[in-house]
Amino acid sequence: MSDVPQLPPSLLDITVFLLSKVGVAGRRRMGDGLKAYGIGLWDLAVLAALRDFGPASQGDLGVRLGIDPSDLVAVMDTLAPRGLVERTRDPRDRRRYSVTITSAGVALLDEALVAAAGVRDDVLAALDERERALLHDLLRKAFAGIEPRARTT
């Protein structure tokens with residue numbers, strides 16, 4: 001008998017179960033990979049949103065990314081002291097902060113995205129490039145079906 005537990009075949013026939021298992025492994029490995037940069041997954045998401053969409057208020061970032069306001073404050077408390085983002089008071093509404101990614105933030109994001117590609121290669125090692133591209137396209141389509149913000153058209 002093997003020391004590695006076997007999953008019941010009936011579970012292996014459930015696509016969403018498999019997707020969940022691969023997702024958990026990917027999230028764990030991604031988090032571990034980002035530790036080398038001193039950031040977490042939400043930090044990466046905020047940096048990517050700021051680079052891709054430009055400056056935003058903290059509130060808008062939270063809504064866009066689905067981050068609870070208190071969690072977003074913790075993200076800002078990680079990124080701002082390191083000079084990865086700048087927070088300034090919104091001149092039109094002094095209660096709001098406008099957040100901008102800095103050149104240091106862009107550089108760190110670029111490095112972290114290279115690491116993310118390495119995690120992808122690790123997690124999807126059993127798939128060839130064509131299969132990885134197909135899986136990616138299918139996951140984007142499935143995600144767009146459940147998350148309106150993910151739709152590109």
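In what follows, Lys and Arg count as positive and Asp and Glu as negative, while His and the chain ends are not counted. The place of a charge is taken as NZ of Lys, CZ of Arg, CG of Asp or CD of Glu. On that basis the protein carries 21 positive and 21 negative side chains, and the centres of the two sets lie 5 Å apart.

A word on the source. This is a predicted model, in which local features need pLDDT of at least 70 and side-chain atom pairs count only at pLDDT 80 or more, whereas totals for chains, interfaces and linings use all residues. Residues are numbered from 1 along each chain as its sequence is written, and side-chain values use heavy atoms, with hydrogens and water left out.

I turn to the overall architecture. The protein has 7 helices and 3 strands; helices (H or I, at least four residues) and strands (E, at least two) are DSSP runs, numbered from the N terminus. Along the sequence they follow the pattern α-α-α-β-α-α-β-β-α-α. Taken along the principal axes, the C-alpha atoms fill a box of roughly 65 × 35 × 30 Å. Of the 153 residues, 26% are buried, where buried means under 20% relative accessible area, exposed over 50%, and partly exposed in between (1.4 Å probe, protein chains only). Contact, in this talk, means heavy atoms within 4.5 Å. Among contacts between residues at least 6 apart in sequence, 50% join residues at least 24 apart.

Next, the sheet. It is open, has 3 strands in the order β1-β3-β2, and pairs in the antiparallel sense. The edge strands, each pairing on one side only, are β1 (56-57) and β2. Two strands are said to pair if DSSP finds at least two bridges between them. Between β1 and β3 there are 2 bridges: Ala-56 stands opposite Val-99, and Ser-57 stands opposite Ser-98. Strand β2, residues 85-90, pairs with β3 over 6 bridges. In that pairing Glu-86 has Thr-100 as its bridge partner, and Arg-89 faces Tyr-97. The two strands β2 and β3 form a hairpin with 2 residues between them.

Leaving aside residues up to four places away in sequence, Val-46 touches Leu-61, Leu-65, Ile-67, Leu-72, Val-75, Met-76 and Leu-79. As general background, nonpolar side chains in soluble globular proteins tend to be buried together.

Gln-58 lies in helix α4, residues 58-65. Is Gln-58 buried or exposed? Gln-58 counts as buried because its relative accessibility is 15%. Beyond its neighbours within four places in sequence, Gln-58 is in contact with Leu-72, Val-73, Met-76, Arg-87, Tyr-97 and Val-99.

Arg-132 belongs to helix α7, residues 129-146. With a relative accessible area of 12%, Arg-132 is therefore buried.

Ala-80 sits in the loop between α5 and β2. Its relative accessibility is 22%, so Ala-80 counts as partly exposed. Not counting residues up to four places away in sequence, Ala-80 touches Val-85 and Arg-87. Ala-80 and Ile-101, 21 residues apart in sequence, are 9.3 Å apart in space, C-alpha to C-alpha.

Finally, Gln-6 is found in the segment before α1 (9-12). Gln-6 counts as exposed because its relative accessibility is 77%. How many Å separate Gln-6 and Arg-95, C-alpha to C-alpha? These two residues, 89 apart in sequence, are 55 Å apart in space.
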